[in-house]
Amino acid sequence: MKALVIIDMTNDFVYETYEHEGTLYEGKLVAPMAKAIVDKIARLIIKVVKGGTVSVIRIPKDHLNAFMNPELELKAAELGIDEVFMTGLVEEVCIYVNSLCFLERGFRTNIVKGCTAPFDEEKGREAFSELTGCGAKMVDDIPEDIKVILLLEDEHDENSEEIKSGAWPPHNMKGTPGAMTVKTIRNVLEGRYN
């Protein structure tokens, strides 16, 4: 079973400012090139959904490593997922860490070219060089037979170990509009994309 993995395509990572229920908010951890991949990921979702019945599973993460939430490993095993196609943010942080985690667990791990973005382009290239050295493959597209979409989305709060340690900039996304999937992708997932 194959899964499309979408990491951290949430308001606070993508938009400098965004609107939610009539209120304007400022993004707290915006990746400079994040907006450029929103429509590309939406097109991948459309391709997956056109293939028939698809399970969409959102798994919150309060660590860089999404596997710190045991639900990810349980769902992957329950669904028989053995191959993943990585998209989202941020190449040198969450894409890197989570790709390694999938590889370490024996998943065939693919990174979809043009559907990820870094904070820093050079560090993104270095991360991908390491990942390909570990067995990840860079692919131009996704196959037609993906049946699962995994949304792995940041829900750090001020009590997160990573925030307390200073390893990650202070932010509180848990339960805020900042932790919501960006509207374009959310609309595609809800079947309202034109």
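How many nonpolar, polar and charged residues are in the lining of the largest pocket? The lining has four nonpolar, three polar and four charged residues. Here Ala, Val, Leu, Ile, Met, Phe, Trp, Tyr, Cys and Pro count as nonpolar, Asp, Glu, Lys and Arg as charged, and the others, Gly among them, as polar. The model is predicted: local features need pLDDT of at least 70, side-chain atom pairs count only at pLDDT 80 or more, and totals for chains, interfaces and linings use all residues. Residues are numbered from 1 along each chain as its sequence is written, and side-chain values use heavy atoms, with hydrogens and water left out.

The largest pocket has a volume of about 180 Å³. A pocket is an open set of points on a 1 Å grid over the protein atoms alone, where a 1.4 Å probe fits, with protein on both sides within 12 Å along at least five of seven lines; lining residues have an atom within 4 Å of a point. Points are joined across faces, edges and corners, and the volume is the space filled by probe spheres set on them. Strand 2 (17–20) and helix 7 (183–189) each supply at least two lining residues. Helices (H or I, at least four residues) and strands (E, at least two) are DSSP runs, numbered from the N terminus. The lining includes Tyr15, Glu21, Lys183 and Arg186. Glu21 is found in the loop between strand 2 and strand 3 (23–26). Its phi is positive, near 50°. Glu21 is exposed, with a relative accessible area of 69%; exposed means over 50%, buried under 20%, and partly exposed in between (1.4 Å probe, protein chains only).

Asp8 also has a positive phi, near 55°. This residue is found in the loop between strand 1 (2–7) and helix 1 (11–14). Asp8 is buried, with a relative accessible area of 1%.

The largest nonpolar core has 60 residues. Such a core is a set of buried Ala, Val, Leu, Ile, Met, Phe, Trp, Tyr and Cys residues joined through side-chain atoms within 4.5 Å. Leu4, Met9, Leu89, Phe102, Leu150 and Leu152 have the most contacts inside it. The peptide bond from Leu89 to Val90 is cis, with omega near -10°. Val90 lies in the loop between strand 5 (83–89) and helix 4.

Helix 4 (residues 91–104) is largely enclosed by the rest of the structure, because eleven of its 14 residues are buried. Among them are Glu91, Glu92, Asn98 and Phe102. Gly106 follows helix 4, with a positive phi near 90°.
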